[in-house]
Amino acid sequence: MATVLVTGGCGFIGTHLVGRLLRQGDRVVSIDSHYTSDPANASLYGSNPNYEFINRDVRYPLSDLGGFDEIYNLACPASPIHYQRDPVMTINTNVMGAIHTLELARRSGAKVFQASTSEVYGDPKVHPQPETYLGNVNSFGPRACYDEGKRCAETIFREYAAQYGVDIRIARIFNTYGPFMHPNDGRVVSNFITQALSGKPISVYGNGEQTRSFCYVTDLVDGILRFMRGPSTFQGPCNLGNPNEVTINQLAEQIGLLTETSVIRVHTARPQDDPMRRRPDITLAQRILDWSPTTSLPDGLQETINYFSGIRSPNLAERAA
């Protein structure tokens with residue numbers, strides 16, 4: 001049994017990760033400030049004796065917490081409408097959160113995972129994006145607080161490993177979707193599903209021909225755990241995402257089919273610095289971690305639609321045990 005800390009443990013990905021760790025028999029401490037997460041997620045696993053929730057903000061020191069074997073740093077607003085609401089807070093969460101989790105890992109002798117992002121590649125000029133690509137990020141744009149905050153966090157992690165010998169893992173997470181997404185987080189999958197279910201037109205930025213590669217959340221969590229518990233010689237960065245690339249128009253059509261609604265698209269201006277193409281090169285994850293996503297887009301979207309519809313499928317029920 002490992003003793004594990006998950007920061008951002010009540011967020012979308014954190015909720016799934018905490019559930020998986022508990023099912024593996026680990027003791028899990030989840031911390032979250034509920035800046036964007038659903039407070040109800042804090043009690044989702046409350047009946048499990050190996051689970052503890054603490055309301056904390058990673059911008060402040062974590063020095064009073066006990067020793068851990070593993071730390072997963074997932075704390076940060078991840079959708080543009082959330083991280084752009086308070087850009088300075090977003091930067092501090094990334095930078096100070098990295099420092100505080102690394103200091104705790106240093107004292108505990110723990111392995112520590114950093115949830116970085118495909119946003120470090122910006123609006124890429126290389127396609128698909130390998131880990132060696134240095135990116136095309138506008139450091140003065142509206143997305144910079146998140147993009148550059150994550151880039152800085154990667155640097156901090158790398159320097160703690162080099163200077164102090166901290167055992168780190170850095171994953172660059174590509175577009176992820178699934179149950180426990182916030183319905184109003186402004187991301188494309190949640191937007192399209194909630195609009196389709198309510199009979200509203202689907203809002204498409206630009207002409208809808210920009211692409212994304214969508215990874216179902218349980219596949220991502222499997223990749224995170226394989227990475228964290230894989231060889232210590234591989235610290236990353238490592239892309240974790242689904243290389244199946246679709247246009248936003250194709251996504252809208254798929255959601256229309258699954259919700260059995262007539263999709264009416266309303267095109268609005270494409271936001272500044274919104275990437276035109278996004279697809280991970282997952283060669284490293286396949287070769288070193290023996291990991292590839294297995295959930296098809298229709299299957300994952302159906303699970304997500306069921307969640308937003310209030311239908312608890314057997315697969316979803318298992319996650320909240």
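So, confidence: this is a predicted model, and the protein averages a pLDDT of 94, with 97% of the residues scoring at least 70. pLDDT, by the way, is the predictor's confidence in each residue, from 0 to 100. Where pLDDT is low, the predicted coordinates should not be read in detail.

Bit of housekeeping. Residues are numbered from 1 along each chain as its sequence is written, and side-chain values use heavy atoms, with hydrogens and water left out. Since it's a predicted model, local features need pLDDT of at least 70 and side-chain atom pairs count only at pLDDT 80 or more, while totals for chains, interfaces and linings use all residues.

Now the sheet. Helices (H or I, at least four residues) and strands (E, at least two) are DSSP runs, numbered from the N terminus. Seven strands make an open sheet, ordered 3-2-1-4-5-6-11, with parallel pairing; to count as a pair, two strands need at least two DSSP bridges between them. Strand 3 (51-55) and strand 11 (238-240) are at the edges with a single partner strand each, so one side of each has no neighbour in the sheet. From one strand to the next, the twist averages 20 degrees.

Who does Leu5 bridge to in strand 2? That's Val29. Five bridges join strand 1 (residues 3-7) to strand 2 (residues 27-32).

What lies across the sheet? Angles here run from 0 to 180 degrees between N-to-C directions, and axes are lines fitted to C-alpha atoms, for helices over the stretch in contact. Contact means heavy atoms within 4.5 Å.

Helix 6 (residues 217-228) also packs with helix 1 (residues 12-23), at about 60 degrees and with the axes 10 Å apart. The two are therefore oblique to each other (under 35 degrees is roughly parallel, over 145 roughly antiparallel, 65 to 115 roughly perpendicular, the rest oblique). Among the residues meeting there are Phe12 and Leu17 from helix 1 and Val221 and Leu225 from helix 6. That contact divides into nine nonpolar, two polar and two charged residues. Nonpolar covers Ala, Val, Leu, Ile, Met, Phe, Trp, Tyr, Cys and Pro; charged is Asp, Glu, Lys and Arg; the others, Gly among them, are polar.
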